Amino acid sequence: MRKGCPMVFKQIHQLFPFNRLLKFLIVLAVGVQLVVIIYNHISGYYILDGYTHFLMRFLRGTLLSLLAGFLISYPDLFVIQYLNKIAPWGPSIVNRVPLQLGLTVLIAAAIAIFITLFANWISVYTDHDLASIIVTNVLIYAVVNLVVMAIFEGWILFVERAQAKQIADHLQTELSQIKFEVLKSQINPHFMFNSLNVLSGLINKDVKKAQQFIDEFSHIYRYVLETIEQPVAAVSRELDFTRSYLFLQQIRYGKDLSYSINIPADYLDLLLPPLSLQVVLENATKHNIINEKKPLRIEIFNEGLFLVVKNNIQPKVSKGISTGLGLKNLVKRYSLISDQEPVFLVETNHYVAKLPLINPEPDERTNH
């Protein structure tokens with residue numbers, strides 16, 4: 001409860017900024033006073049002596065109503081936000097309705113008694129008994145607060161739906177952009193050109209290997225088309241893709257590029273964003289020297305529920321400016337499906353990327 005209260009009040013201020021709430025309460029206070037004063041005058045409960053008397057009653061009543069409005073509004077909003085957490089509409093409606101109605105009347109009664117006593121302290125009621133005025137005001141405040149509570153419920157529903165739509169639209173736009181960037185990276189003209197160049201050389205030298213190259217090349221793009229619309233892919237499929245991708249790279253670099261994959265079988269069903277490994281591996285081959293004197297070694301293994309890609313660092317002298325878009329997009333893609341983020345760091349002359357593995361059905365592995 002203690003931890004929840006500050007969060008509830010923060011949500012209240014986000015949904016109802018002070019200036020917006022003030023405008024609403026001013027309109028409400030003016031409306032209530034006009035209705036009450038006119039009704040009391042017509043019914044004979046409180047006869048007005050003239051316009052001056054009306055203005056004095058109206059000004060005094062409006063200020064007191066405005067004070068009461070603030071004293072009622074924040075408890076009302078707190079009740080709504082708190083009940084939304086412990087007894088949300090829908091599954092808990094049977095319990096919520098009587099509870100919310102009871103709290104609404106209770107809040108109204110408490111504020112009505114306080115305001116009536118405060119008003120009596122400012123100017124003692126002489127025309128009517130204080131007890132009867134308190135009862136009347138409690139009834140008026142209870143009815144008004146039921147209306148106020150209903151308005152707040154409708155207001156919150158409208159604001160939250162508008163916010164949810166805005167967030168959904170933003171996420172959809174961002175997801176489309178991410179998909180575009182991922183797809184663009186896969187049909188990168190440099191990668192295509194280099195791959196076709198390698199294939200051209202293989203056709204004349206090793207027809208069998210050229211056929212294997214075509215098979216792996218087609219496997220890469222088939223995987224891209226199959227997973228580009230999917231939020232996650234199994235580790236097993238990502239590793240199949242990785243082997244195809246690294247096969248093409250090894251055809252180009254030969255023995256100067258080597259890799260190892262050591263992932264336990266019971267981790268192969270875990271999930272991660274599709275083409276995550278491609279982003280990390282592309283960085284490794286793009287930004288490092290790969291030749292006979294400086295071979296590149298890539299290791300893929302797991303550390304608990306992280307898939308780790310590790311390679312030795314031997315940066316190219318003129319590698320150009322890195323935009324880091326691939327890694328940024330990967331972080332964004334993780335944010336859409338998980339509360340964990342990838343970790344990228346340098347340790348002992350090695351670049352290390354740690355990709356969180358998502359477990360669709362948590363089991364004992366989460367404790368490792």
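This is a predicted model: local features need pLDDT of at least 70, side-chain atom pairs count only at pLDDT 80 or more; totals for chains, interfaces and linings use all residues.

Colleague: Is Gln211 buried or exposed, or in between?

Modeller: Gln211 is partly exposed, at a relative accessible area of 42%. Partly exposed covers the range between under 20% for buried and over 50% for exposed.

Colleague: How far is Gln211 from Leu199?

Modeller: Their C-alpha atoms are separated by 8.9 Å. Along the chain, Gln211 and Leu199 are twelve residues apart.

Colleague: Zoom out. How many helices and strands does the chain have?

Modeller: Ten helices and seven strands. The chain has 368 residues, and 39% of them are buried. Take the contacts with a separation of 6 or more: 74% are between residues 24 or more positions apart.

Colleague: Now packing. At what angle do helix 3 and helix 4 cross?

Modeller: Roughly 155°, with the axes coming within 10 Å. Helix 3 is residues 51–86 and helix 4 is residues 93–122. Angles over 145 degrees count as roughly antiparallel, so helix 3 and helix 4 are roughly antiparallel to each other. The crossing is right-handed.

Colleague: Which residues meet there?

Modeller: From helix 3, they include Leu64, Leu67, Leu71, Ile72, Pro75 and Val79. From helix 4, they include Leu99, Leu103, Ile107, Ile111 and Phe114. The residues of this contact divide into 17 nonpolar, two polar and three charged.

Colleague: And helix 8 with helix 9, what's the angle there?

Modeller: About 20°, with the axes 9 Å apart. Helix 8 is residues 235–253 and helix 9 is residues 276–287. That makes helix 8 roughly parallel to helix 9. Their crossing is right-handed. The contact residues divide into seven nonpolar, five polar and two charged. Among them, Phe241, Tyr245 and Leu246 are in helix 8, while Leu277 and Leu281 are in helix 9.

Colleague: Stay on helix 9. Why call helix 9 largely enclosed?

Modeller: Because nine of its twelve residues are buried. Those buried residues are Ser276, Leu277, Gln278, Val279, Val280, Leu281, Ala284, Thr285 and His287.

Colleague: What span should helix 9 have, and what do its ends give?

Modeller: At 1.5 Å a residue, helix 9 should span 16 Å. Its end C-alpha atoms are 17 Å apart, which agrees.

Colleague: Same check on helix 2, what comes out?

Modeller: Helix 2, residues 18–43, has 26 residues and should span 38 Å. Its end C-alpha atoms are 37 Å apart, which agrees. Buried residues in helix 2 include Leu21, Phe24, Leu25 and Val32.

Colleague: What follows helix 2?

Modeller: Gly44 does, and its phi is positive, near 85°.

Colleague: Where does Thr348 lie?

Modeller: In the loop between strand 6 (343–347) and strand 7 (350–356). Asn349 is in the loop between strand 6 and strand 7 too.

Colleague: Buried or exposed, those two?

Modeller: Thr348 counts as exposed, at 67% relative accessibility. Asn349 is exposed as well, with a relative accessible area of 62%.

Technical notes. Residues are numbered from 1 along each chain as its sequence is written. Side-chain values use heavy atoms; hydrogens and water are left out. Axes are lines fitted to C-alpha atoms, for helices over the stretch in contact, and angles run from 0 to 180 degrees between N-to-C directions. Helices (H or I, at least four residues) and strands (E, at least two) are DSSP runs, numbered from the N terminus. Angles under 35 degrees count as roughly parallel, over 145 as roughly antiparallel, 65 to 115 as roughly perpendicular and the rest as oblique. A crossing is left-handed if the near helix is turned anticlockwise from the far one by less than a right angle, and right-handed if clockwise. Contact means heavy atoms within 4.5 Å. Ala, Val, Leu, Ile, Met, Phe, Trp, Tyr, Cys and Pro count as nonpolar, Asp, Glu, Lys and Arg as charged, and the others, Gly among them, as polar. The expected span of a helix is 1.5 Å times one less than its number of residues. Buried means under 20% relative accessible area, exposed over 50%, partly exposed in between (1.4 Å probe, protein chains only).
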